[in-house]
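Open the structure in your viewer and keep the selection tool at hand.

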Amino acid sequence: MKKLLTFLLTAISALALLTACGQTEEASKVIKVGATPAPHAEVLAVVKDILAEDGYELEIVEYTDYIQPNLALDQEELVANYFQHQPYLTDFNAQNDTDLVSVANVHFEPLGLFPGKTASLEALADGATVAVPNDTTNEARALLLLEAQGLITLNAEAGLAATINDITDNPKSLEIIEIEAAQIARSLPDVDLAVINGNYAIEAGLNAATDALASEAAESIAAETFANILVVKAGNEEAPEVQALVKAITDVRVRDFINEKYEGAVVPLF
């Protein structure tokens, strides 16, 4: 009887160990990725089906700002995030002492200059108001877009670090208002023009390729510099789930979806 009891306890322990291992292995198949709603979460919905073919479950966590998804990734609450470009990531790392890295260039979202109270550049009056994003990298892009339309002139040395303080000529005395990127589309009725990030334009039902008065060219230096990237915490680049995610997000089916869904407002880079 004693031997039988020992055997049963041993068997139960072994079964519990196997069950725990199975649960751990199953848990490792879940890939949690943070993203802003459009186009990023929409693209990830396609990626989810592709990852399922390799036995992975993609959990998409949506954020409405640019800060929390990086903080969550740094705390390893996420495996990856997908919402930002490299200049923004570089600035975020420097400002927050984080070590997050890109593992794939996915797409480019041209910034668009959209009409608000004023319908065209020709009708733009002296003293008109123009809204631009207030974060460092996107503000510079917005100002460069305004400069390309002949509305302002910037200090040539400012480059991608330009702010409103680098404006050297403003012939129409435009009032340039810095607003959080996520809020600019809502401000359109209150300003004459607004430069809106591609994802927030899409969420507002706008398309930089068809609705904007001007937008960044797909073959421009901006397309190379401001590619939206898949980001992980440094040291995790070669993790199996990260490699599976990179493979899936650069699948031809994702490229076809982007081209068909966004009609030029989002440009695949793979």
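A residue counts as buried when its relative accessible area is under 20%. Keep that cut-off in mind; the model is predicted.

**Stop one: L89.** Select helix α4, residues 86-96; L89 sits in it. Is L89 buried or exposed? Its relative accessibility is 0%, so L89 is buried. Now show its surroundings. Leaving out residues up to four places away in sequence, L89 touches N70, Q84, L100, V101, S102, I229 and V231. Then pick D99. It lies ten residues from L89 in sequence, and the two C-alpha atoms are 9.5 Å apart.

**Stop two: N81.** Go to strand β3, residues 80-85, which holds N81. N81 has a relative accessible area of 0%, and therefore is buried. Where does its side chain reach? It comes to 3.1 Å from the backbone oxygen of P69. Beyond four places in sequence, the residues that N81 touches are V33, G34, P69, N70, L73, I229, L230 and V231.

**Stop three: a sheet.** Select five strands in the order β9-β6-β10-β5-β11. They form an open sheet with mixed pairing. Its edges are β9 (175-179) and β11 (214-215), each pairing on one side only. Zoom in on β6, residues 129-133: this strand runs parallel to β9, with five bridges between them.

Terms used:
Residues numbered from 1 in each chain as written. Predicted model: local features only at pLDDT ≥ 70, side-chain atom pairs only at ≥ 80, totals over all residues. Heavy atoms only, no water. Helix = DSSP H or I, 4+ residues; strand = E, 2+ residues; numbered from the N terminus. Buried < 20%, exposed > 50% of the residue type's maximum accessible area, 1.4 Å probe, protein only. Polar contact = N/O pair within 3.5 Å; in protein donor to acceptor, adjacent residues only side chain to side chain. Contact = heavy atoms within 4.5 Å. Pairing = 2+ DSSP bridges.
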